[in-house]
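Trainee: I would like to go through this model with you, one question at a time. Please show it first.
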Amino acid sequence: MPTGEIYFKHSLRVNDYLCQGCTTCMRTCPTAAIRIRGGKAVIADNKCVDCGECMKACPHKAIYIKQDDFGLIENYRYRVCLVPTAFIGQFDTKYKTKAIYSCLLKLGFTHIYEVEHEVARMMELYNMYMEDHPEIRTFISPYCPAVTRLIQVRFPSLVDNIIHVRAPLELASRVITQKLIDEGARRESIGVFYVTPCAAKIAAVKYPVSGKPTCVTGVINMDFLYNKVMLMLHDSDRNAQPINHTLNSRDVQWSLSGGEAPHFKGAHYAVDGLQNVLNFLEKLEDETVDAPGLVEMRICDQGCVGGVLTTQDRFVARKRLEYRAQLFERLERSKLRETPPEDLTLTPQWIKDMEIAEIKPRSIYKLNDNYAEAFKMAEQMKKIEKALPGVNCSACGAPSCAALAEDIVRGDAKMDTCIFINQNSDSSRDATKRIWGDRITAKNNKKEQ
Amino acid sequence: MHYTFTIERGNFADAGQASSNVKRTLKQLGVDPASIKRAVVALFEAEINAVAHAYGGTIDVDIDAEKVMMVVADEGPGIPNLELAMQEGWSTASPQVREMGYGAGMGLPNIKKNTDELKIDTKVGVGTTVTMIVKLV
């Protein structure tokens, strides 16, 4: 595997028993972080951005996300379930929000707090940062932690475009903790547990880019909690306790792609889905698009409802959230429901806690710290790439011929790992030629592009 | 390291491949992001100029230990008044080119801003060769 300093750990794991080494995940990975070794997928810590695409792609369910033990909540007197609305989007609209939340209470939580309560405050923090940095033309929302990490490793020149503010769940956990302390709880007796729709948010809690301590006690996978709630919803729907939940219609949709737009006055762009995000960042880096204003990006198609730990079709989940938002709006308009007041209180401590001093670029492309050495390696890599078949068959255990060339110059693979090159009988060479023709000649006759 | 690319008249959609390739190599070398950006922006501007005004051409890129040298040579109308062309806002681009978001008269000034050395050889009715150097160290 690629050598070098390990920057941080990840939440995505490979189950070696289930992994068939089929290469599907390896070909999906946007940072070429996966190799096949010993017949199993291996993820490189330095390259992984926790986007979860490998887990979505795996046909054998061999990639999983490590979560905290649910029993951990029992260690706290005040057990807060920090829930994003994407969780509500998992449930059919015939279930009332309060019915879902009372199931969470029955499961052992004492309080429920929706991350989206922090929309107004988060937007205030964004605006403060943007006002402080008039020199930046395009701001990138820090909402999706996988986007931030992707920029660090693949588009290092864009790190300064990211709004240097920590994830909303950090603010939410601080606000609810403070609220409980104000009501008389002791700090140590409060446990805040975040329900995550994806791997990136876990990584953001456990191994934050800011390097600052988190206020979240534990993380629970959304699919795990969904199963638990579904079982209860079936038998105890009618006994739902009323819950005073106060999200307004607009904030309900914040996690959806485009959800940040209504909160922002300037020009706004919503980019979702891995491929779209990659294309947009590429153009932004080359300055072939001019996008003054705020770019909101979500690695997952449709936003958080497309997260790898969600259980429902993302389009259906999106519609459900939109439906709930419309319902709230109707109720608010007909005065059957109060429009929750916007709370914009930001203590100096919260502002300080939410700051990110620096988002470090950590390019995965750099071949060597020494320029002369890197130059030699790059030259060699170009030559090797020319000699490889360009089929990207992955039989060498690398996602593409280019990745194998890089592995070779880094000393992690040898030329003869390529099965096209390493053929020792005329009959196998003939068989290959019947399918692929004379690859090397055909490839290199083509004008260099 | 040497790269060669061809330029096709009017093909704005496919422009940018040369700068993408250069960017990839410079990233491998660990060149600082600011220098990469300068080289990539300058090369893209020069390529777009050739796509918009010329009948075709080539891009030659040489990367060595100190610098990246990029030569964009086209067969085209040439630049009748180079001094004017170097001024911000001066443009002879056609309405069609402007409709695509190019032709704001920022091309050459932007190249100058982003390069350490710039040489323009132009002959009316023959073509233009733009030689750009961005220092890496």
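Trainee: In which loop is the place of Asp416(A)?
Mentor: First, the ground rules: this is a predicted model, where local features need pLDDT of at least 70, side-chain atom pairs count only at pLDDT 80 or more, and totals for chains, interfaces and linings use all residues. Residues are numbered from 1 along each chain as its sequence is written, while chains are lettered from A and ligands numbered from 1 in the order in which they are written. Helices (H or I, at least four residues) and strands (E, at least two) are DSSP runs, numbered from the N terminus. Asp416(A) sits in the loop between α14 (401–409) and α15 (426–436) of chain A.

Trainee: Does Asp416(A) count as buried or exposed?
Mentor: Count C-beta atoms, placed from the backbone, within 10 Å of the residue's own: 20 or more others make it buried, 12 or fewer exposed, and anything in between partly exposed. Asp416(A) has 9 C-beta neighbours inside 10 Å, so it is exposed.

Trainee: Which residues is Asp416(A) in contact with, leaving aside its neighbours within four places in sequence?
Mentor: Contact requires C-beta atoms, placed from the backbone, to lie within 7 Å. Cys396(A) is 20 residues away along the chain, and its C-alpha atom is separated from that of Asp416(A) by 8.8 Å. The contacts of Asp416(A) are Ile421(A) and Asn422(A).

Trainee: What is the radius of gyration of chain A?
Mentor: The C-alpha trace spans about 80 × 55 × 40 Å along its principal axes. The radius is taken over C-alpha atoms, and the globule rule is 2.2 Å times the number of residues to the power 0.38. For 449 residues, a compact globule would have a radius near 22 Å; chain A agrees with that, at 24 Å.

Trainee: What share of the contacts in chain A with a separation of 6 or more comes from residues 24 or more positions apart?
Mentor: Chain A has 16 helices and 11 strands. Buried residues make up 44% of its 449 residues. For the contacts in question, the share is 76%.

Trainee: Which element gives the largest share of the side of domain 1 of chain A that touches domain 3 of chain A?
Mentor: Domain bounds come from an automatic or database domain assignment. For chain A these are domain 1 (1–64), domain 2 (70–354) and domain 3 (367–449). Domain 1 brings 11 residues into contact with seven of domain 3, and α1 (24–28) and β2 (34–37) of chain A each give two or more of the domain 1 residues. The largest share, four residues, belongs to β2(A).

Trainee: Which helix of chain A gives the most to the side that touches chain B?
Mentor: The contact takes 22 residues from chain A and 21 from chain B. Seven of the chain A residues come from one helix, α13 (residues 371–387).

Trainee: Why is helix α4 of chain A largely enclosed by the rest of the structure?
Mentor: Look at residues 97–106. Among the buried ones are Ile100(A), Tyr101(A) and Leu104(A). Helix α4(A) is largely enclosed because the number of its 10 residues that are buried is seven.

Trainee: Which residue in β5(B) does Met70(B) stand opposite?
Mentor: Start from β3 (residues 67–75) of chain B, where side chains alternate: Met70(B) is among those that point to one face and are buried. On one pairing, β2 (residues 56–63) of chain B runs antiparallel to β3(B) over eight bridges, and Val61(B) stands opposite Met70(B). β3(B) also pairs antiparallel with β5 (residues 127–135) of chain B over nine bridges. There, the residue opposite Met70(B) is Met132(B).

Key
Two residues are in contact if their C-beta atoms, placed from the backbone, lie within 7 Å. Two strands pair if DSSP finds at least two bridges between them.
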